[in-house]
Amino acid sequence: MDIAGNMTERPETNNMYGDQSDEEDVKVTAQEPIKPAPLPKAKLPDLPIIEKNNWLIHMLFINKEFEKCKQVIKEQIEMTERTCEYALYVQGMIQRNEALIQESLESFQAAAMLNPNSLENLKQVGRSLYLLGRHKAALDIYAEAAKLAPQDPELLHNQGVCLVYLNDYIKAEECFKKALAVQKTEHSYSQLGKMHILRGDKEGALAFYKKAVENFPENSELLSVLGLLYLQMGDTQRAFEHLGNAMTYDPQNTKAIMGAGSIIQDHGDYDVALTKYRVAASVTPESHSLWNNIGMCFFGKKKYVAAISCLKRAHYLSPFEWRTCYNLGLAHLTMHQYASAFHFISAAINLKPKFAPLFMLLGVALTHLDDPSNAKQAYEQAISIEVDSPMTYLNYAIMLFNNGEKSHAAAQYAKFEMYHQKKALNDPDVNALVAKLGPILHMGS
Amino acid sequence: MALVEKQLDPLFLARSYLRRRKFDSCVEICSKMLEKNPYDQCAWFMKAKALTEQVYVDEVEADTDGIAEMLMDDNSIAQVARPGTSFKKPGTSGQGTSTSQGIRPMSQSGRPVSGFVRPSTQSGRPGTMEQAIKTPRTAHTARPVTSASGRFVRLGTASMLSEPDGPFINPSQLNLAKYADRPGLNKVLFDYLFYHENDIKNSLELAALATQSSKYEDWWWKQQLGKCYYRLGLYRDAEKQFQSALKQQPTVDNYLYLAKVFVKLDQPLAALDLFEKGMEVFPGEVSLIIGSARVHEGLGDLDSSVKFYKKVFQYDASSVEAIACIGTHNFYSDMPEIALRSFRRLLQMGVVNTELYNNIGLCCFYAQQYDMSLTCFERAINLANKENVADVWYNIGHIAVGLGDSNLAYQAFQMALISDNNHAEAYNNLAVLEMRKGKVEQARAYFLSAITINQELYEAHYNLAILSEGQGDLNTSFKEVRKSLEAFAEHVDSKNLLAQLRQYFTLL
């Protein structure tokens, strides 16, 4: 915007001269006809008429009066036979705003032809190419522009963005870092972070987001992303801190609400989580993850019918989400509706084939549907995917025991004990089962 | 039997036939009597009555808006109405409720899918010619160009053909003034001209003369005048006549006619008001309650609509329309089990068609009765015809998606497209399946087909925007997301995407 401002200032002063001289002319002729014309008249031919209306174009543009502005630009361009750089520039801006990118590219190119040394023109040509998805061409333009201003942070940032699209992450990172060295912007930080997430490097992303938050402590978007990253890495305490900060700056930030809600939910504080979700529900009523979480809140509160209803809505909104299917399966198992549970679990397995807990649940469902041979297969499959999950062994052992295969059950139970001690889980339900099952199986073996 | 009939007095026999709705036999006897004595008023009366009854269509329900009426509609009072006061601009749908577009799909004219297809209320008012030509959800057109050339003319010509020796009454040779003064004959003559001959001009003249001769005291004639004006498209005059008739004698059909005029004038609130008054005079009149429910539905206020449909149940427990609409509402309010009850009741009442089996199948699926669900769909396909088999396949595709069986889903959507290659939703879903497989270009092609077929399908616009954004084609993405928001202004994901894109576009 700087350059645009500069450009308008110049013609404005010119124009004032023009106006004054005109008025003086009139006055002179009207009042003192004898006096010869003074100096201004001699100056007139020197006025650069091409730039005459730039002040008007600028004013209309910044007031967003695009229709009027277009009219003025059209006249100006016709009058100057496409030699008015500023008019072409603003025309490009307006066209971009109307999503006519191809046309705007042409306008900017014309402007760049008129004044090849203008950094701003080249930047806009590059941006237009970028918006059209022609990243290589955009990079070329940026490289050319970089000759004019090698240290321009915006140029460096845009180069980085294009490089990300071309999958050249190393160079992109370099560009972003250079840009940040010159000027610290939120965009560069978040691009760097996103890039690292894309590459699966969460540690790296975390570092950049941390820096970003240090520099921009009030940006709720950055805060919430950082919080979610912490959450993914298992650092609940810090995650909650950042998400909380994000919510103080923007109470409607759904990302932060969802993250914080799920943390609260994990702690078993379902009512608080539900009040959080209520805020999110008014903003994003069609979010499947929201409904999924609400459903699981009800599930935690042992209101199973409400839970199933919410989960089903989530499933309706996003049928490809295996987590919802998994939860639905779990809810139906709890409701002793094993056939329905089986269907949801098998749907989830279709969507997510390599996930051991799904097979374990399938085993449970099949056990209750009186199909022990298939149930056994399901358990074996679960074990083959994930060897060290104690719950699978425990369920397997129970099923085998109920089926009369005591020795086999004891073997599975032994494995359960081994992994259970390793993981040191402490669930009252499991402990109660262990107390019941352990002595019987040990006696048998 | 024939012997007995021969012995009977022909006049008595004709009357008996008329009463038993054996109109052909009645007309035959009356014609014979008129041959003997052309001035036999009794025979003339009965013949006219029988011929009218043969082609009688209830005027309240027979109403198909033609393309011309829809596009060149200058009857509506407010061209730019406030939300909630016009059918053109249904009230802002409550977010997250069952009326939200994210939950309940829209028909092509951009209103929530109704449970019951009926003339005129299903269609709304389209904005473009293309949309007007398409009937909801599909691209087939079943719409006459204008209503004048539609059903009514067809009725008229059909009746002409059935008479071998020329028309029974030739309206152009009638001395209408003479008949208008004869209270016994003028009404049946009017009905004959109006329904059988479809000669609105002469009927109007007759009605006007008769009204005069009755010294403006007969509400019946005023109502007929209103009907004629309505047919001629003079809604303001029709309104006056109906109002005046109503003042003299409130009758149910008078209320219904007047409400129809208000609907035509795009004054839904006035129509609702009128129904309210009508229900005070005739408490428990089902047609008035249903009318009110329909207007509410047209306004997108489904909760009130359902309230009225439930009221219908108190008086008429077997109203198909009410059951179907409540069933649909329950289905989209996450209560498939209760919806299933409604649809099962319809089945018990003897309604057997593809749509019903399809709905039952869907309800069964969402209520986890999988075994029933598939058999229902099988039946639906067996009963289906060319027009609706595509929708059944489309729903089967949805079931397959719900079961996580993407191969079956893919095949089902393909089947839907084979039966109806203008099924935009199927294209959209196919594209989503392709996208999951990673075939981006194929997906893009399908999205584009979906968009060209149905502009109102916000899902396709949004999906294409997301796809383009991922590929870096921000220009297309920006355009599409704006279209998505045009179709569904409250779509949160579209809004977020737009905000994100706008950053790129306005950044200097």
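**Labels and their grounds**

Mentor: The model is predicted. Start with A:I57, which touches A:C69, A:V72, A:I73, A:Q76, A:Y86, A:A87 and A:V90, leaving aside residues up to four places away in sequence.

Trainee: Which residues touch the most other members of the largest nonpolar core?
Mentor: They are A:I57, A:C69, A:I73, A:V90, A:Y130, A:Y277 and A:I294, in a core of 125 residues. Helix α19 of chain B, residues 354-366, supplies the largest share of this core, 8 residues. Another core, of 76 residues, lies apart from it, with B:V60, B:L189, B:A207 and B:L246 among its members.

Trainee: What makes nonpolar residues gather in this way?
Mentor: In soluble globular proteins, nonpolar side chains tend to be buried together.

Trainee: How do you know that the span of helix α10 of chain A agrees with its number of residues?
Mentor: The helix has 14 residues, 169-182, which at 1.5 Å a residue should span 20 Å. The end C-alpha atoms are 20 Å apart, so the two values agree.

Trainee: Which residues of α10(A) are buried?
Mentor: A:A172, A:E173, A:C175, A:F176, A:A179 and A:L180 are. They cover an arc of only 160° around the axis, and therefore lie on the same side of α10(A).

Trainee: What covers the buried residues of α10(A), and what does the face turned away from them carry?
Mentor: The cover includes α9 (153-165), α11 (186-198) and α12 (202-215) of chain A. The face turned away carries the exposed residues A:I170 and A:A181.

Trainee: Why is the contact between A:K255 and A:E221 called a salt bridge?
Mentor: The N to O distance is 2.8 Å, and the cut-off is within 4 Å, so the pair qualifies. A:K255 lies in helix α15 (residues 254-266) and A:E221 in helix α13 (residues 220-233), both of chain A, so the pair ties together parts that are 34 residues apart in sequence.

Trainee: Why is each of these two residues called partly exposed?
Mentor: The label covers values between 20% and 50%. A:K255 has a relative accessible area of 38%, and A:E221 has 41%, so both labels follow.

Trainee: How do the labels of A:E65 and A:K68 come out?
Mentor: A:E65, at 32% relative accessibility, counts as partly exposed. A:K68 is at 53%, and exposed means over 50%, so that label applies. The closest N and O atoms of their salt bridge are 3.3 Å apart.

Trainee: What makes B:E434 buried?
Mentor: Its relative accessible area is 1%, and buried means under 20%, so the label holds. B:E434 forms a salt bridge with B:K439, with the closest N and O atoms 4.0 Å apart. B:K439 is partly exposed, at 42%.

Trainee: How many salt bridges does the count give over all chains?
Mentor: The count is 21.

Trainee: Where is A:L114, and what does A:L114 touch?
Mentor: A:L114 is in helix α6 of chain A, residues 101-114. Leaving aside residues up to four places away in sequence, A:L114 touches A:R82, A:T83, A:C84, A:E85 and A:L88.

How values were computed: Residues numbered from 1 in each chain as written. Chains lettered and ligands numbered in written order. Predicted model: local features only at pLDDT ≥ 70, side-chain atom pairs only at ≥ 80, totals over all residues. Heavy atoms only, no water. Helix = DSSP H or I, 4+ residues; strand = E, 2+ residues; numbered from the N terminus. Expected span 1.5 Å × (residues − 1). Buried < 20%, exposed > 50% of the residue type's maximum accessible area, 1.4 Å probe, protein only. Arc of directions from axis to C-beta. Contact = heavy atoms within 4.5 Å. Salt bridge = Lys/Arg side-chain N within 4 Å of Asp/Glu carboxyl O. Core = buried A, V, L, I, M, F, W, Y, C linked by side-chain atoms within 4.5 Å.
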